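This report looks at one helix and its surroundings, then at pairs of charged side chains.

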Amino acid sequence: MPSDAPKVRVGVGAFILESSSQQCLANPRFLIGKRINSHGAGSWATPGGHLEFGETPEICAAREVLEETGLTVMNVRFLTLTNDFMPDDNKHYITLFMVCERENATAEPENMEPDKCEAWEWASWEDLLKWVKQEAEAQGGVVEKKLFTPLLNLVRQHPGIKPGYV
């Protein structure tokens with residue numbers, strides 16, 4: 001295989017849960033941001049990035065969250081993975097989704113990388129399911145929130161999964 005052939009990369013996405021209260025487990029709220037200046041520009045995604053050589057997914061998630069939002073997180077754990085082929089961008093990723101919580105439960109995210117992210121906001125799991133359904137029905141039309149391929153695939157490839165506290 002030629003060395004310039006596209007490679008499959010490993011991405012890590014972090015579901016930072018807003019609250020650990022029992023009532024939030026049914027419809028957890030988590031942080032999403034609008035991507036700019038990268039593949040998936042204009043779409044909404046969890047904080048995350050590339051897994052670095054020798055790095056664990058837990059360390060990667062905590063590092064990316066801190067770099068992108070200024071938040072420190074704890075109790076980082078594996079949720080699931082997705083197979084994300086993005087032919088329009090000539091990209092193929094395996095995305096490891098992690099779940100974590102803020103060390104300071106009242107800390108709010110800052111936009112630490114304004115050249116990569118337009119804004120951060122809290123969204124609910126029911127919101128995410130609604131946006132995935134809208135994208136499926138819109139068939140390229142206008143949707144309330146365009147989602148990054150790994151988030152779409154999370155719901156499509158793993159129906160019934162939901163981030164929560166273990």
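## A buried glutamate and its partner

Glutamate 113 has a relative accessible area of 18%, which is under the 20% cut-off, so this residue counts as buried. The model is a predicted one. The partner of glutamate 113 in a salt bridge is lysine 116, with 3.9 Å between the closest N and O atoms. Lysine 116 is partly exposed, at 46% relative accessibility.

## Salt bridges elsewhere

Side chains of opposite charge can pair when their charged atoms come close. Over the whole structure, a search finds nine salt bridges. Some share partners: Glu55, Arg63, Glu64 and Glu67 are joined in this way into one network.

Within that network, glutamate 67 and arginine 63 form a salt bridge with an N to O distance of 3.4 Å. Both residues belong to helix α1 (residues 57–69), where they are four residues apart, about one turn of the helix. An α-helix has 3.6 residues a turn, so residues three or four places apart point the same way. Glutamate 67 is partly exposed, with 35% relative accessibility, and arginine 63 is also partly exposed, with a relative accessible area of 22%.

Another salt bridge links the side chains of arginine 102 and glutamate 108 at 3.7 Å, N to O. Here arginine 102 is buried, at a relative accessible area of 6%, whereas glutamate 108 is partly exposed, at 46% relative accessibility.

## Helix α2: length and faces

Helix α2 covers residues 125–138, which makes 14 residues. At 1.5 Å a residue the helix should span 20 Å, and its end C-alpha atoms are 20 Å apart, so expectation and model agree.

Which residues of α2 are buried? They are Trp125, Leu128, Trp131, Val132 and Glu135. Seen down the axis of α2, the buried residues fall within an arc of 120°, so they line one face of the helix. On the other side of α2, the exposed residues include Glu126, Lys133 and Glu137.

## Around helix α2

Just after α2 comes glutamine 139, whose phi is positive, at about 45°.

Terms used. Residues numbered from 1 in each chain as written. Predicted model: local features only at pLDDT ≥ 70, side-chain atom pairs only at ≥ 80, totals over all residues. Heavy atoms only, no water. Helix = DSSP H or I, 4+ residues; strand = E, 2+ residues; numbered from the N terminus. Expected span 1.5 Å × (residues − 1). Buried < 20%, exposed > 50% of the residue type's maximum accessible area, 1.4 Å probe, protein only. Arc of directions from axis to C-beta. Salt bridge = Lys/Arg side-chain N within 4 Å of Asp/Glu carboxyl O.
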